[in-house]
Amino acid sequence: MTQVDTSNQSCKRNESGTSHACHVSAACNAGSADSPNSSWIVAALDIGGTKIAGALVCYDTEQGCDQASEQGVSPAVPRVKPHVTPRVVNYLSIPTQAHHGGEHVFTRACGLVSELMAQTKLHPHAIGVSAAGVVNPSDGSIAYANNLMPGWTGIQLAQRMQHTHGIPCVSLGDVHAHALGEVRFGCAQGFSSALMVAIGTGLGGAYIVDGHIVTGAHGAAGHLGHSLHHLAAQTVCSCGGVGHAESVTSGTAICARYQGKQIGDPLDETCMGAEISKRAAHGEPHAQDVLRFCGNALGQAIGSWCNLFDPEAVVISGSVVRAGDLWKQALEQGFTEQVMPPLRSTKLLFGSLENNAPLLGAAEYARDSLLCSLDQHV
Ligand SMILES: [Zn+2]
């Protein structure tokens with residue numbers, strides 16, 4: 001077993017206030033004997049409330065090493081070919097079985113890494129984990145998870161994964177990972193700043209500046225869904241708060257509104273988002289009204305967030321983006337209503353990487369962490 005040094009868990013913030021991933025120690029030595037010489041490999045996981053996805057992310061490498069590695073600090077992090085999207089190979093997905101508790105989820109996630117190695121006969125150099133919940137940026141533990149993931153709060157995710165496999169491991173929030181993937185390799189490549197809006201069952205977000213995530217002091221930056229929205233004034237949110245944007249914009253909000261229910265009420269599973277969109281496309285007035293209302297509400301919120309952050313682009317991703325043209329038109333109208341005139345040219349983009357986005361983001365975070373850790377040893 002490789003000696004693992006977990007004493008190095010902090011890193012100075014850079015001047016822009018963003019935080020690089022730095023809770024990996026350079027003293028961790030990745031076993032790479034079985035991997036091809038031309039690839040640098042990260043085992044990437046995406047742990048969600050429903051499923052755990054995993055794959056190996058393979059970087060094509062050039063001769064030489066990055067930054068401090070050139071000065072002989074172990075482990076070497078090879079120089080990757082610029083402007084080449086790493087390959088996502090051997091994608092696997094298993095049910096999270098979150099109701100069995102956090103320890104069970106952790107065991108399943110660890111097992112998926114072993115399965116990836118067994119199936120490919122490759123030994124990754126690092127592990128990057130995109131995780132549901134708020135991830136503590138200083139040590140990769142789960143600082144908070146809601147009741148969809150009972151017992152997940154407090155799991156020392158990165159440290160224990162690193163100890164189990166003897167490979168450097170980092171973890172970050174799932175929407176943060178998704179955003180990092182889209183900014184580095186997806187629709188927001190080349191933008192100096194981007195606001196991620198993840199609209200699915202809930203509403204999440206992330207803010208990226210100069211290619212790095214703004215994690216915030218507690219790892220929770222970007223929880224857009226729990227900011228106030230004037231159209232949600234009397235609505236109880238999934239978090240228990242009142243008046244939050246999620247409760248008038250999310251996929252759950254669309255379904256509840258269509259079915260005449262409150263957020264948190266049991267929903268008729270035979271009439272969810274895809275069915276509502278289909279009915280709207282066939283001209284049903286109620287379905288159209290609901291999609292217009294929720295699309296417009298999200299657009300207004302995005303306009304407000306742009307006034308706050310002034311990103312170069314907004315990346316909208318998640319299952320609700322498939323709600324149809326009516327929803328998109330209402331979103332754009334709401335955005336125009338609320339955004340300040342100088343910011344009206346802000347680009348509204350739709351995510352292009354789908355399931356690969358969090359895996360690529362987690363792999364990039366792992367790579368950033370190792371390079372940052374090496375910097376500290378110079
Ligand atoms: Zn809330």
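This note reviews the salt bridges and cysteines of the structure shown above.

1. Basis of the note. The model is predicted, so local features require pLDDT of at least 70 and side-chain atom pairs count only at pLDDT 80 or more, while totals for chains, interfaces and linings use all residues. Residues are numbered from 1 along each chain as its sequence is written, and side-chain values use heavy atoms, with hydrogens and water left out.

2. Salt bridges overall. A search of the whole structure returns 7 salt bridges, each defined as a side-chain nitrogen of Lys or Arg within 4 Å of a carboxyl oxygen of Asp or Glu. Several of them are described below.

3. Arg-160 and Glu-103. These two residues form a salt bridge in which the closest N and O atoms are 2.9 Å apart. The pair joins distant parts of the chain, with Arg-160 in helix H2 (residues 157-165) and Glu-103 in helix H1 (residues 102-120), a separation of 57 residues. Helices (H or I, at least four residues) are DSSP runs, as are strands (E, at least two), and the numbering starts from the N terminus. Arg-160 counts as partly exposed because its relative accessibility is 30%, and Glu-103 is likewise partly exposed at 45%. Here buried means under 20% relative accessible area, exposed means over 50%, and partly exposed lies in between (1.4 Å probe, protein chains only).

4. Asp-368 and Arg-184. The closest N and O atoms of this salt bridge are 2.7 Å apart. Asp-368 belongs to helix H9 (residues 356-376) and Arg-184 to helix H3 (residues 174-185), so that the pair links distant parts of the chain, 184 residues apart. Asp-368 is classed as buried because its relative accessibility is 14%; Arg-184, at 18%, is also buried.

5. Arg-279 and Glu-275. The side chains of Arg-279 and Glu-275 meet in a salt bridge with an N to O distance of 2.8 Å. Both residues lie in helix H6 (residues 273-281), where 4 residues, about one turn of the helix, separate them. Arg-279 is partly exposed, with a relative accessible area of 29%, and Glu-275 is partly exposed at 24%.

6. Cysteines. The search of the whole structure finds 0 disulfides, a disulfide being a pair of cysteine sulfur atoms within 2.5 Å. Cys-58 is buried, with a relative accessible area of 4%, whereas Cys-187 is partly exposed at 21%.
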